[in-house]
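Here's a quick briefing on aromatic contacts. Have a look at the model first, then read on.

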Amino acid sequence: MIRVTAYLTDHHLGPGGLAGPGRPTEVDIDATVTGPAELSLAGLTVRDERGGDLFRRHGEHGYLFDPAAGGGPLAGPEAQYQARGFGVTNTAYHAARVLDLAARLLDRPLPPLVIRIGPHSVPGRGWGGGHYRLPGEASPPEPEPPARSGEIHLGAGRRFTERPDPGCSRYFHAPAHNPAIIYHEVGHHICHHTADFRANRLRPPLDQHNGKVALDEGTADFLAAVLLGTPDIYGWHRGLIPPWDPRRRQLDARWTTACMCPGNGRAHANGTVWASALWTAHERVRQAGGAGITRTLLTAMTRFGSHGADAAEEQQRRNRFSELLRELLAADPAIAPVVAGAMADHGILPYGRNWELRARMQARAASPDAQTTAPGTSETGRWPRTAAVRP
């Protein structure tokens, strides 16, 4: 057990969304220093790939790094050192939190996960995101095959956050400092080892599919919202993006299937519809006196991923909202009526392909009897155009 610093996210809500990534706090984690920039926990390894001994000045009194406003290219050497060390400890704390939750709800631990910070760092060209990788073709290509059980790669950061209120100090957006990104990417690890939306268990171990479907992205967003305790999961670093823009990923915006975008490259935008519907169902179950739907969802995803024998056929089926909804309703009949009603408000029904759900909801919105502020509409009653054209 070692003492580290990490962001706690229980008091970070501001009037316009998230005021910051969290509150720097000393916490104890069951981890071991296994390298100059590496922590190992049960089923989890977190490593900064950019060189240097981040733990050289620590040990006796814990590993208490300062966030240093994210560090970044304009910071001095000491601030960069502190920010990088904090990135490792913060990532370890939040990733372990998600994995522990999944293990409790699934009654089993997930396969080991490796998280690498800064593996694609190129001088003069930063990367401010994250992705989940398996062995197989990927973009950008991986210099070495990822671990078979899955890896998360977090960028070193590209830009400073922009806030709508000028009083906020500048913060270099290092993904390892952002609990929302960490939760989302670990969510993909959970999806891979339960629902397996790309039917990768039916593919050769070293030729896995690294693409994500809308159900994968949406489920990862929902799990992030549950861990953060807010549907405005990216409100901190995307605070200038309006709540009705799908890039904001604000799950209480009541996105419906009418807002879904056909074609490839829309997994994040379409996933927001699924995530928003899950959040509505989660909150309604809680309001009815239940514990939410997270355990039920993981049970449904496990059952969902156990079907099929042909990878090509399964890949088509596993991107249909209705297929996973049927498993969700069957997983807990006691809350099924509440869940079904919440999902229906977003246009998600236990039958029909995605495009059929979209057409049905668009027709419903165009009906003369439709409410002018129906779920997923703007104040004028029209579907937000940005939802159909922006990723």
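Is Trp 236 buried or exposed? Trp 236 is buried, with a relative accessible area of 3%. Keep in mind that this is a predicted model. Ring pairs come down to two numbers, the distance of the centres and the angle of the planes.

**The overall tally**
- With ring centres within 6.5 Å taken as a pair, the count is eight aromatic pairs.

**Tyr 171 and Trp 236**
- These two rings have centres 5.4 Å apart and planes at 85 degrees, so the pair is edge-to-face.
- Tyr 171 sits in the loop between β10 (151-154) and α2 (179-192), while Trp 236 is in the loop between α3 (214-228) and α4 (267-287), so the contact ties together parts that are 65 residues apart in sequence.
- Tyr 171 is buried too, at a relative accessible area of 10%; the cut-off for buried is under 20%.

**Trp 274 and Phe 321**
- Here the centres are 5.5 Å apart and the planes are at 50 degrees, so this pair is tilted.

**A cluster and a charge**
- Phe 55, Tyr 63, Phe 65 and Tyr 81 make up one aromatic cluster.
- Over the face of Phe 160 you'll find Arg 170, at 4.5 Å from the ring centre.

Definitions and conventions:
Residues are numbered from 1 along each chain as its sequence is written. This is a predicted model: local features need pLDDT of at least 70, side-chain atom pairs count only at pLDDT 80 or more; totals for chains, interfaces and linings use all residues. Side-chain values use heavy atoms; hydrogens and water are left out. Rings of Phe, Tyr and Trp (its six-membered ring) pair if their centres lie within 6.5 Å; planes under 30 degrees apart count as stacked, over 60 as edge-to-face and the rest as tilted. Helices (H or I, at least four residues) and strands (E, at least two) are DSSP runs, numbered from the N terminus. Buried means under 20% relative accessible area, exposed over 50%, partly exposed in between (1.4 Å probe, protein chains only). A charge sits over a ring if NZ of Lys or CZ of Arg is within 6 Å of the ring centre and within 35 degrees of the ring normal.
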